[in-house]
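This briefing goes through helix contacts, the ligand shell and some backbone details of one model. Please have the sequence and structure open while reading.

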Amino acid sequence: MKYLILGNGYVANLFKDSIGSEAEISTVRIENYDALKAEIQSKKPDVVINTAGKTGRPNVDWCEDHKLETIVSNVYGPLTILRVCEELGQYWAHVGSGCVYESKTTKDVYNEKDQPNFFDSFYSRTKAWSEGMLKEFNVLQLRLRMPLDDMPGPRNFVTKITKYEKVINIPNSISIMEDFVKAAQELIAKKATGIFNVTNPGSITHAEILDIYKEIVDQNFKYTIFSLEEMEKITKARRSNCILSNQKMEDFGVHMRPVKEAVRDMLVKYKANMDAGKIRQDKAALQKA
Ligand SMILES: NC(=O)c1ccc[n+]([C@@H]2O[C@H](COP(=O)([O-])OP(=O)(O)OC[C@H]3O[C@@H](n4cnc5c(N)ncnc54)[C@H](OP(=O)(O)O)[C@@H]3O)[C@@H](O)[C@H]2O)c1
């Protein structure tokens, strides 16, 4: 299976590291119709995976002040890929986001048929807009949420929350990247199309993740919790907190490990990598430096 991966950031490199020589990263600009079409025609992949998109640095608040760049990469870009892939009859997958919902209680669990209900950040709005348009076509849409992996690094959600002064403590769906990449590959092998919540079953709070971190990685680690209201005083845009159902993927025969089991296993490997001094750098930020 030959994979052509668009974008060269965190998710792209996790795919590349996991898949190996069958995967190639392309840095073609996805909004450039001619260059993109030529790239796909010359590489002739079995599948194109789009991981390109603006996520913002240091965080998604960047998108509030860079709306045009965000629209070009998160909406116009995916639509350009759609046009090219439709014209070439090319199967493709798009990495979307689960950050298009807001759960007010643990009973608010969203499946793929539910309409997005979180529009309080420009980033989330662009992800919902592109998703809504792509779902009219035979595109595989992989909804990712709060990615955690076993390598310390600035893009890893675990590393991020260990560096925050204070964290919120709200149940969320998350994606353990080892499971996400495997599930994505299985869905691709089945030539699945449509939207899939690619998150580990169940939900977990930041404090629960940090308690397991304390137990497995660093017994001296301390953290402080603050309320969502307090957090919203220091961010420009509100953040999505939500719980997603992954029943559709389960029914499709693709399984991810229960969230708490997967977090525990990931943190054991995280500690080993940390002790070995390994780190996954932020490629997208380094390229700008
Ligand atoms: N990481 C998360 O927390 C998370 C959660 C849910 C969903 N997602 C989605 O997953 C995808 C990948 O995220 P990530 O964490 O890998 O982000 P990332 O580390 O910021 O990488 C994104 C990559 O896309 C490239 N890119 C942006 N616009 C492009 C364009 N128009 N043409 C070609 N390349 C372009 C960036 O390069 P330049 O900087 O040079 O533009 C960068 O290499 C995004 O669509 C994001 O919305 C991410």
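Helix α4 passes α5 in a right-handed crossing; a crossing is right-handed if the near helix is turned clockwise from the far one by less than a right angle, and left-handed if anticlockwise. The structure is a predicted model, in which local features need pLDDT of at least 70, side-chain atom pairs count only at pLDDT 80 or more, and totals for chains, interfaces and linings use all residues. Residues are numbered from 1 along each chain as its sequence is written. Helices (H or I, at least four residues) and strands (E, at least two) are DSSP runs, numbered from the N terminus.

**Helix α4 with α5**

- The axes of α4 (residues 67–88) and α5 (residues 122–134) come within 10 Å and cross at roughly 15°. Axes here are lines fitted to C-alpha atoms, for helices over the stretch in contact, and angles run from 0 to 180 degrees between N-to-C directions.
- The two helices α4 and α5 are therefore roughly parallel to each other. Angles under 35 degrees count as roughly parallel, over 145 as roughly antiparallel, 65 to 115 as roughly perpendicular and the rest as oblique.
- On the α4 side, K67, T70, I71, N74, V75, P78, L79 and L82 take part, and they meet F122, Y123, T126, K127, W129, S130, M133 and L134 of α5. Two residues are in contact if their C-beta atoms, placed from the backbone, lie within 7 Å.
- This contact of α4 with α5 has 10 nonpolar, 4 polar and 2 charged residues. Ala, Val, Leu, Ile, Met, Phe, Trp, Tyr, Cys and Pro count as nonpolar, Asp, Glu, Lys and Arg as charged, and the others, Gly among them, as polar.

**Helix α2 with α4**

- Helix α2 (residues 33–43) and α4 have axes that come within 10 Å and cross at roughly 45°, and the two are therefore oblique to each other.
- The crossing of α2 past α4 is right-handed.
- Residues Y33, L36, K37, I40 and Q41 of α2 meet T80, I81, R83, V84 and L88 of α4. By class, the α2 contact with α4 holds 6 nonpolar, 2 polar and 2 charged residues.

**Helix α8 with α11**

- The axes of α8 (residues 206–216) and α11 (residues 259–275) come within 10 Å and cross at roughly 45°; α8 and α11 are therefore oblique to each other.
- Their crossing is right-handed. I209, I212, Y213 and I216 of α8 and V263, R264, L267, V268 and K271 of α11 make the contact.
- In the contact of α8 with α11 there are 7 nonpolar, no polar and 2 charged residues.

**Ligand shell**

- There are 26 residues around the ligand, of which G7, G9, A52, G53 and S73 come nearest. A residue is near a molecule if its C-beta atom, placed from the backbone, lies within 6 Å of it.
- At least two shell residues each come from α1 (10–19), α4, β4 (92–97) and α12 (283–288).
- The shell divides into 10 nonpolar, 10 polar and 6 charged residues.

**Backbone details**

- Most residues other than glycine have a negative phi, and most peptide bonds are trans.
- The R57 to P58 peptide bond is cis, with omega near 5°; P58 is found in the loop between β3 (47–50) and α3 (61–65).
- K44 is not a glycine, yet has a positive phi of about 45°; K44 sits in the loop between α2 and β3.
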